Amino acid sequence: MNLALKITVLLFLTQFTFSQDKPCEYEIDVATDTSNTRVLKDKIVDESVFGNTTSFLTFKLFNVDGFIGLNFQYLQKSKDFLSPICIDKSTKIYLEMANGKQVKLINSSDTETCNELQYDAVEKNNLRILSGFFYFTPENFEDLKTSKVYLIKIAAATGDVNFVIKPELDSEIYKEKSNPDSYFINNLKCLGI
């Protein structure tokens with residue numbers, strides 16, 4: 001091969017290697033003549049193991065006919081008492097970004113939902129699971145594609161719940177490494193936006 005061709009091939013392979021993104025993982029990806037639905041698989045964005053208490057927060061982005069939102073699930077388990085958390089139509093999620101801006105999400109449901117207390121007799125743990133579907137508001141939404149998130153605040157009916165988001169998470173529960181602060185940067189493109 002001549003030198004110019006070798007350099008061209010080398011540059012192409014180098015660019016191809018560095019431009020590889022993780023593939024999008026869908027739970028649902030259905031397009032018909034009248035609708036389009038994409039739902040990403042759950043990803044852990046926060047985990048805390050402290051004493052008798054373990055908690056974790058997972059996110060799942062979705063795009064249903066142009067309505068972009070986030071499904072979250074917050075699970076707590078402990079041998080100790082766990083305080084209830086309730087969300088209602090006035091509950092908001094705030095994403096504080098590294099660029100100093102904030103993105104607000106609004107609750108999609110008009111009814112109040114609480115994380116009811118359950119008991120795991122096998123492990124002898126109290127359990128509380130809170131789930132919700134929230135829609136993005138247009139303010140600063142585009143910034144999520146380029147700016148990392150360092151704080152998530154759920155402004156709930158029973159009080160605020162804050163999560164400080166790490167640049168790297170080595171999950172004891174999911175047994176995987178991730179970069180939660182880049183969750184939106186890495187996953188919004190999977191929704192075609």
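Start with the lining of the largest pocket: its residues divide into eight nonpolar, four polar and nine charged. Here Ala, Val, Leu, Ile, Met, Phe, Trp, Tyr, Cys and Pro count as nonpolar, Asp, Glu, Lys and Arg as charged, and the others, Gly among them, as polar. This is a predicted model, where local features need pLDDT of at least 70 and side-chain atom pairs count only at pLDDT 80 or more, while totals for chains, interfaces and linings use all residues. Residues are numbered from 1 along each chain as its sequence is written, and side-chain values use heavy atoms, without hydrogens and water.

Next, select Lys22, Lys43, Ser178, Asn186 and Asn187: of the 21 residues lining the largest pocket, these lie nearest its centre. Two or more lining residues come from each of β3 (43-50), β15 (177-178) and α2 (183-187), and α2 gives the largest share, three residues. Helices (H or I, at least four residues) and strands (E, at least two) are DSSP runs, numbered from the N terminus. The space in this pocket is about 490 Å³.

On a 1 Å grid over the protein atoms alone, a pocket is an open set of points with protein on both sides within 12 Å along at least five of seven lines; in a cavity, a 1.4 Å probe fits but cannot get out, and lining residues have an atom within 4 Å of a point. Points are joined across faces, edges and corners, and a volume is the space filled by probe spheres set on them.

Now for the cavity. Which residues line the largest cavity? Select Val45, Phe59, Val149, Ile152, Ile165, Pro180, Asp181, Tyr183 and Phe184. Eight are nonpolar, none polar and one charged. The largest cavity holds about 40 Å³ of space.
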